[in-house]
Amino acid sequence: MTIDVNGPAKKGAGLFGLDTPLADAKVVVLPVPFEATVSFSAGTARGPAAILAASHQVDLLDADVGSPWQSGIALDPGFSWLPELNEAARQAACRCIDAITNGQAARDGDRQLVEEAGLRVNRAVTERCAEHLRDGRIAVVVGGDHSVSYGAIAATAAAMGDRRLGILHIDAHADLRDAYEGFTWSHASVMRSVVERMPNVRLVQVGIRDFCEAEVELIRAQPGRITTYFDAHLRAARLAGHWATVCAAIINELPENVYLSIDIDGLEPSACPSTGTPVPGGLSFDELVSLVDLLVHAGRRIVGLDLVEVAPDAALADNDLGLSWDANVGARLLYKLIGFALLSRGSARPDLPKAPGIR
Ligand SMILES: [Mn+2]
């Protein structure tokens with residue numbers, strides 16, 4: 001199929017209206033619709049389908065990143081067994097959480113089912129991402145809840161060998177809990193697992209505004225491994241218009257090779273009203289885009305990325321997912337993030353007519 005860069009996407013077209021075969025793609029997007037341990041409300045398992053539907057509205061020429069589609073963006077078919085496993089694990093997790101909140105012990109069988117599901121998903125994501133990385137592609141994971149980032153980060157960290165890997169983690173939540181609600185592979189403990197199990201990783205968190213005392217203690221105890229820019233610290237600088245200074249400080253904490261782990265709830269809830277655990281405050285869409293833009297300008301190389309916790313409005317039927325505001329934001333952010341990753345590896349910047357009077 002030839003792509004009409006000026007026209008609307010064809011019905012049934014692939015991600016961003018493209019149908020790039022894997023062999024011609026520099027970027028591959030792996031959907032992981034898994035959300036076994038989401039605490040507050042479900043829906044992020046429908047995130048990849050909603051982003052695919054909304055991606056047809058995204059124009060292929062972008063003012064920030066140019067034409068990333070020209071590098072080839074393929075959609076990995078994902079894992080056929082995952083939806084069924086997700087459903088079973090989610091029901092078991094709900095029974096566990098119900099038992100715990102009622103002061104009872106969770107059933108061993110339920111707990112084991114959730115643990116094994118998380119392990120299986122993470123292993124599958126690691127293997128698939130490792131294949132794509134070996135083939136020289138940028139692997140992009142779309143969740144699903146934040147637990148699915150683990151496998152993608154593990155593959156990227158392993159591919160780095162002895163070199164350091166910086167994780168730029170955008171989130172409302174610190175995700176440093178110790179096995180939240182008793183689940184090893186919980187979305188709320190994913191970055192703790194990353195730091196504990198991947199010695200070459202340096203974690204830099206931005207936008208954090210939901211955390212517990214133990215998480216703050218962990219951050220305090222590991223100044224060389226974890227740096228957290230709490231939302232409360234960023235607020236004054238943001239409101240005073242010093243965002244570029246804040247970005248420079250954040251980027252300064254990161255090594256040359258950077259993995260972006262973007263939980264959509266790091267943004268203001270207006271950008272993600274249907275996400276599972278929204279928190280007031282957070283970064284604007286523009287602040288996030290400018291941070292990643294400055295990261296690339298500073299010469300950092302984006303070696304992998306994920307976008308997680310995007311959930312469509314629960315009221316939308318499957319055939320209306322393209323109408324989702326959350327997915328609209330998610331699809332546009334995804335296209336820009338892919339574009340920035342390509343720019344960081346030498347793709348051409350966009351050449352738009354100059355705007356008189358501003359730089
Ligand atoms: Mn979060």
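Is Asp 108 buried or exposed? In this predicted model, Asp 108 has 8 C-beta neighbours inside 10 Å and therefore counts as exposed. Asp 108 belongs to helix H3, which spans residues 108-134.

With 27 residues, helix H3 reaches 39 Å from its first C-alpha to its last, close to the 39 Å expected at 1.5 Å a residue. After H3 comes Gly 136, a residue with a positive phi near 80 degrees.

The next topic is how two helices pack. Two packed helices are described by the angle between their axes and the distance between the axes. For helix H1 (residues 47-55) and helix H10 (residues 325-343), the angle is about 75 degrees and the axes lie 8 Å apart. Because of that angle, H1 is roughly perpendicular to H10. On the H1 side, the contact is made by Gly 47, Ala 50, Ile 51, Ala 53, Ala 54 and Ser 55. On the H10 side, Ala 327, Asn 328, Gly 330, Ala 331 and Leu 334 take part. Sorted by class, this contact holds seven nonpolar residues, four polar ones and no charged ones.

The largest nonpolar core has 108 residues, and the members that touch the most others are Ala 139, Val 140, Val 141 and Leu 337. H10 supplies the largest share of this core, 12 residues. Val 141 can be followed in detail: leaving aside residues up to four places away in sequence, Val 141 touches Leu 30, Val 32, Val 125, Cys 129, Val 148, Ser 149, Ala 152 and Asp 306.

Gly 143 and Gly 144 are joined by a cis peptide bond, with omega about 20 degrees. Gly 144 sits in the loop between strand S3 (138-143) and helix H4 (149-159). Asp 175 is not a glycine, yet its phi is positive, near 55 degrees. This residue lies in the loop between strand S4 (165-170) and helix H5 (190-197). Asp 175 counts as buried because 28 C-beta neighbours are found inside 10 Å. Glu 309, also not a glycine, has a positive phi of about 70 degrees. Its place is the loop between strand S8 (301-308) and H10. Glu 309 has 32 other C-beta atoms within 10 Å, so this residue is buried.

Two further residues bring the description back to exposed positions. Ala 63 is located in the loop between H1 and strand S2 (73-75). What makes Ala 63 count as exposed? The reason is its count of 9 C-beta neighbours inside 10 Å. Ala 63 and Ala 89 are 26 residues apart along the chain, and 42 Å separates their C-alpha atoms. Contacts of Ala 63, apart from residues up to four places away in sequence, are with Pro 350 and Leu 352.

Arg 349 is part of the segment after H10. Arg 349 counts as exposed because 12 C-beta neighbours lie inside 10 Å, and a residue with 12 or fewer is classed that way. How far apart are the C-alpha atoms of Arg 349 and Gly 66? The separation is 5.7 Å, although the two residues are 283 residues apart along the chain. Arg 349 touches both Gly 66 and Leu 343, again not counting residues up to four places away in sequence.

Definitions and conventions:
Residues are numbered from 1 along each chain as its sequence is written. This is a predicted model: local features need pLDDT of at least 70, side-chain atom pairs count only at pLDDT 80 or more; totals for chains, interfaces and linings use all residues. Axes are lines fitted to C-alpha atoms, for helices over the stretch in contact, and angles run from 0 to 180 degrees between N-to-C directions. Helices (H or I, at least four residues) and strands (E, at least two) are DSSP runs, numbered from the N terminus. Angles under 35 degrees count as roughly parallel, over 145 as roughly antiparallel, 65 to 115 as roughly perpendicular and the rest as oblique. Two residues are in contact if their C-beta atoms, placed from the backbone, lie within 7 Å. Ala, Val, Leu, Ile, Met, Phe, Trp, Tyr, Cys and Pro count as nonpolar, Asp, Glu, Lys and Arg as charged, and the others, Gly among them, as polar. The expected span of a helix is 1.5 Å times one less than its number of residues. A nonpolar core is a set of buried Ala, Val, Leu, Ile, Met, Phe, Trp, Tyr and Cys residues joined through C-beta atoms within 7 Å. A residue is buried if 20 or more other C-beta atoms lie within 10 Å of its own, exposed if 12 or fewer, and partly exposed in between; C-beta atoms are placed from the backbone.
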